[in-house]
Amino acid sequence: MARNGRRLAAGGRIDRVKRLTFHFDNKRFVGHPGDTLASALLANGVHLVGRSFKYHRPRGIVSAGVEEPNALVTLRTGGRQEPNCPAPVTELYDGLVSRSQNAWPSPRFDAMGINDFFKPFLSAGFYYKTFMGPTRKSWMFFEPFIRKAAGLGAAASKADPDRYEKVNAFCDVLIVGGGPAGLAAAVAAGRAGARVVLAEQDFELGGWLLREPIGSPADHWLGAARAELAQLPNVRVMTRTTVFGAYDGGTFGLLERVADHKKVPDEGEPRQRYVVLRATRAVIAAGAVERPIPFGDNDRPGVMLAGAVRAYLNRHAVVAGRRMVLFTCHDGAYPTAFDMKAAGAAVTIVDARKGPTPAMKAAGELGLEVIAGHALAETRGKTRVRAAVVAPFDIDKETCDSGWREIPCDLVAVSGGYDPQVHLATQRGGRKAVWAPALGCLVPGGEPDVQIHAGAMKGTFGTPECIAEGFAAGRRAAGEVGAKGAAGDLPVPDGLPASGIAEGFKPVFDVKPPAALRERKRFIDQQNDVSASDVKLAHREGYVSVEHLKRYTTLGMATEQGKLANVVALAQMAKLRGLDISAVGTTGYRPPYTPVPLGAIAAHESDHHVRPVRVTPFHDWNEKIGTVFLDTGLWKRPWYYPMKGETINEAYRREAKAVRETVGMVDVSTLGKIDVQGPDAPEFLNRVYVNGWKSLEVGKARYGIMLREDGYVFDDGTTTRISEHHYFMTTTTAEAAKVMMHLEWLLQAAWPELKVHVTSVTDQWGGVAIAGPNARALLKDAIPSIDFSNEAFPFMGYRTGTAEGGIPVRVHRISFSGELAYEVFCGAGHGSALCDLLFEKGKRHGLVLYGVEALGTLRIEKGHVAGGEIDGRTTLEDLGLEKMASKAKPYIGSVLRQRPDMTSPARQRFVGLKAVDPNTRIRPGMILQPHKGPHQGHGLGHVTATTYSPVLGQSIGLGLVAAGLARKGEIVDAVYPLKGDVTAVEIVSPHFFDPEGKRQNG
Amino acid sequence: MVEIASALAGVLKPGRHGPPAKTAGLTLSEVKGRDVVQVGAWRETVDRVREKLAYDLGTPPATGTRAAVTAGERTVIPVGPDKFLVVAPASDNLFQKLSAAFPASEAVVTELGHSRAILRIAGPNARDLVARYLAVDLDPSVFPVGSFAASGLHGVGVLLHYVRDMGGSSVFEAPVFDLYLPRSFAASLTEGVLHVAEQWPCQVEA
């Protein structure tokens, strides 16, 4: 019997030599390597580990696996704090700190335990019913209290100091599960020479074989299989790794708990690793979990699954109780009784079947009391089971009769059969699990795409059969991926555990108490406090579909995800509806199989690596100068260049004013740049732009507009003819990638006959715009190899040359600001050198640096359209650009743009807006409404861009308004409901400054 | 002519990073002084262009779909059915030479030398590092020396080239990969790669 509490003196898969100290609820305990937190707590006599979600009932350890509904604890502290960790799968390490959840001040004396007395009022649908109708508004008041009272653990409030990472992996054959079927599959596929990944969620291979005693035939077989796999270099064994999701095309999501079993990860080591694995074939051997049977107060600490009792006994050498009552309905649970008796416990077996069965006979031979044809009707005790009430049982009606008696005990082991873990087989939809009457469980409805199923997950519960099935699956998988080696045979020795599920197995899904006993809660889902009475209530209120049942009662939610509860609940619903289980159906499963921390999904793409940053060739130079950057998409763009003590408003107004008076330089490298080359390039441009391109001369640029196929404006920009077959296209910053994709699609799919190549050269070229009256003089100084006279280099001209210092440049005479302006492009690697040169040369020409804020001011004053106006909903007519469209040729969007509604003069069209009171401000996004009301709905249009105009000395804007310039001179209200602002604005021409273009052409 | 400034100078700090060890598991460096030029052929001229490139550069013809061909410092990577990326020392004046070699009726030539930063990842942990980012099967049986793959690194299109092995008793020991990064993203992506690389003993070379 146990020495030092509940730990056996010998046996188990623990290292007794090493001692691990850990804390639970501030108490210090000792365990050993090979322990889980749950086994170590049980070894120290701790059964009560928390309080339940809703009723705050005392709860203990139920299982020995991921299906654990109750023993969820918070691990570690500070930034490493992690809530809702199942103690049975938490590997023990020295220095582990854990706390119970949902209990204050402790699980033993929990203040919220009072909820249990109000359970008649806290049934399924409590929130919906309470906070509907007149009480609806009270939800806002009660919500914080309810959330505090109900729930699981709390997330860390400090930043997690650990590293997480994501890895891509590939293999021929993925094997999910390291139990007998998975091990056999890995041996077969490994011998055949396939690249194999074997993933096992436990820290040790073996699955349920680990529940067999050391030295047993199962233990010997396991040792041999592990040894063989260790010799196969093509087999990668990943323990502590859960395959949590199956996705399209053989892609699986894996979570590897790299350092969860350490107090602190080693230097550089990630705590967890998210593996995206692509497998050609996958053998799913995910095993099964044991199914509980609901009976009165079946949630009392000390009530455990029979297999778990055996796992703690044989794997961890922990005797979970001294007097055990085993309640079951099949022979597979009996080995728990046999092993517990051998360990010195007093054991009584209560079997719902009348028998006799081979296991009953074996139990009798061992001198165990078997109470056949009885059920465990309820438990007694407070924070630990003290006695089991046993009553005669009608297995068909699932009701108890009178004649009950009480059996003293400190442990109840229960087993209602096994539920195959069908999650991965059903996650991708379309193939729900199906009811297998002979096995009394759900099994996969088929093998989707790359999957091959084997072992207990498809209802094969005998170990010899699992091995044979797994081996065949591994061999088949290897063959299907083209592995040529011989898998040979895998002998199955005698003495391996047989299936306890015999022909004619009748599962028990409920134990209604005898009439003489008061009905007590019979929990189905202990994690969510859902009981048989909740299923009954849902049925009574019409929530009879399993999907509605789940959502109405919260059954199968949270970490447990229906592993223990689903089948019992749907069986009870089937009975209430008078239907067969197969007719009721089941809910589908979605990833993840077990919880995956978001940190692992984000992995190294977090903090300042959350998204890549894109910088222009002038970024480092701008940073040195002291630019304030603006994030536009992924780009860092110079926003403004503040002088000492200057605000953004002061800075951009100064910059914009200086451009009009002397000369300014702005980084325009973020414009999309596309190299268009080929003999058919003119024809190609003619088709994608609304205007004509065939007549464009070499050395000239042209402004162009593209439409989408539906006739709406897509993008604009200038394209320059560099040589006969070579064009340089620019796009807006925002649409650069979309335009590139559009052009590539057209060339590959629509017009493959055109000899044209398009290549993104956005990263090849850096560009600055030099704008202002002194632009010409500055560039003459900096690039003496080019003649900048108006005659030699007119507006929309293009020249190449070499700037001082030997920097090759391309110069386009283009203006976005309305000023005399040039865009100078250089190789991106020459960016800083060009900036140095222009900055130095610019000093005597009054050069100012300006950012996108001032750039916006200048373009609004000039009335150029940009992203606010080309918003995917505007047409050429809306933007006043219809005259650009050629009538002599077809182009993308040319037909659909002529639909009557697209050309209607009543549409919202491009206008300028001027505040009537020059001292008031127009805000971006304001809604334009009739002057003095009514201010209703979407109004007449909206403001697309605003600025303070240094030239005009007041706030101006651009907008889209119904009937556009037909309203010129009309006063409308620009309203901003969020702030209550109403500003009277006059509709004017959008061309506020130099409408004739004298400055840019001069 | 003025030199091309490195896009990685600010992030690749020479020295040892990560946990201490006798030998580095990884060596990171920037491949400098390379010119990159794209040659786009037409359906009916692609075979001729492939042969001509091989002749001019001294490489075998780039006939594979996932395999680059190399001769010394010159590499031809067939990035599409009719597109080749040619990488050679800047002193080759590749763009001028190839522009002169191909009339537009045969192929068009695009200069991309400034647009890519080439990050070299070498050493026993090189595969481990690349697998943290690229969804490419790097097993030597699938991705042998000379292979290349276009893939996404943190959502950005990059090109990976398995240049050679550094030696050792097996190909698993020390592969050398060149990762072609778009220049505008290069510093940010390299910063991220370095962060991940620091879990192994890592040498950054100038």
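With 18 C-beta neighbours inside 10 Å, A:Ile722 counts as partly exposed. The model is a predicted one, and A:Ile722 belongs in it to strand E35 of chain A, which covers residues 713-723. Once neighbours within four places in sequence are set aside, the contacts of A:Ile722 are A:Tyr727 and A:Phe728. A:Val676 stands 46 residues from A:Ile722 along the chain, and the C-alpha atoms of the two are separated by 9.9 Å.

With neighbours within four places in sequence left aside, A:Lys889 is in contact with A:Asn686 and A:Gly692. The C-alpha atoms of A:Lys889 and A:Asn691 are 8.7 Å apart, although 198 residues separate the two along the chain.

Chain A as a whole contains 24 helices and 48 strands. Its C-alpha trace spans about 115 × 70 × 55 Å along the principal axes. Of its 1002 residues, 54% count as buried. Among the contacts in chain A with a separation of 6 or more, 68% are accounted for by residues 24 or more positions apart.

Two helix pairs of chain A were examined. Two packed helices are described by the angle between their axes and the distance between the axes. For helix H4 (residues 180-192) and helix H5 (residues 217-230) of chain A, the axes come within 10 Å and cross at roughly 35°; the crossing of H4(A) and H5(A) is left-handed. On the H4(A) side the contact is made by A:Leu183, A:Ala186, A:Val187 and A:Gly190, and on the H5(A) side by A:Ala225, A:Glu228 and A:Leu229. These residues divide into 5 nonpolar, 1 polar and 1 charged.

In the other pair, helix H6 (residues 306-314) and helix H7 (residues 334-342) of chain A have axes that come within 9 Å and cross at roughly 35°. The crossing of H6(A) and H7(A) is likewise left-handed. From H6(A), A:Ala306, A:Gly307, A:Val309, A:Arg310, A:Leu313 and A:Asn314 meet A:Pro335, A:Thr336, A:Asp339 and A:Met340 of H7(A). The division in this contact is 5 nonpolar, 3 polar and 2 charged residues.

The largest nonpolar core comprises 247 residues, and those with the most contacts inside it are A:Val173, A:Ala185, A:Val283 and B:Val86. H4(A) gives the most to this core, contributing 9 residues. Not counting residues up to four places away in sequence, A:Val283 touches A:Val173, A:Ile175, A:Val176, A:Gly182, A:Ala185, A:Ile452, A:Ala454, A:Ala473, A:Gly474 and A:Ala477.

In chain B, the buried residues of helix H2 (residues 94-101) are B:Leu94, B:Phe95 and B:Leu98. Because these residues cover an arc of only 90° around the axis, they are on the same side of H2(B). The cover over the buried residues of H2(B) includes strand E3 (34-41), strand E6 (83-89) and strand E7 (107-111) of chain B.

Between the chains, 40 residues of chain A are in contact with 40 residues of chain B. On the side of chain A that touches chain B, two or more residues are given by each of strand E8 (164-176), strand E33 (672-677), strand E37 (757-760) and helix H21 (831-842) of chain A. E8(A) gives the most, with 6 residues. This side of chain A divides into 12 nonpolar, 17 polar and 11 charged residues.

Several backbone features of chain A remain. Most residues other than glycine have a negative phi, and most peptide bonds are trans. A cis peptide bond with omega of about 0° joins A:Gly355 and A:Pro356, and A:Pro356 lies in the loop between strand E17 (346-351) and helix H8 (358-365) of chain A. Another cis peptide bond, with omega of about 5°, joins A:Pro591 and A:Pro592; A:Pro592 is located in the loop between helix H14 (581-584) and helix H15 (598-602) of chain A. A positive phi, near 50°, is found at A:Asp25, a partly exposed residue with 17 C-beta neighbours inside 10 Å. Phi is also positive at A:Ala317, near 60°, but A:Ala317 is buried, with 26 other C-beta atoms within 10 Å.

Methods:
Residues numbered from 1 in each chain as written. Chains lettered and ligands numbered in written order. Predicted model: local features only at pLDDT ≥ 70, side-chain atom pairs only at ≥ 80, totals over all residues. Contact = placed C-beta atoms within 7 Å. Helix = DSSP H or I, 4+ residues; strand = E, 2+ residues; numbered from the N terminus. Nonpolar A, V, L, I, M, F, W, Y, C, P; charged D, E, K, R; others polar. Buried ≥ 20, exposed ≤ 12 C-beta atoms within 10 Å, placed from the backbone. Axes fitted to C-alpha atoms, helices over the stretch in contact; angles between N-to-C directions. Left-handed = near helix turned anticlockwise from the far one by under 90°. Arc of directions from axis to C-beta. Core = buried A, V, L, I, M, F, W, Y, C linked by C-beta atoms within 7 Å.
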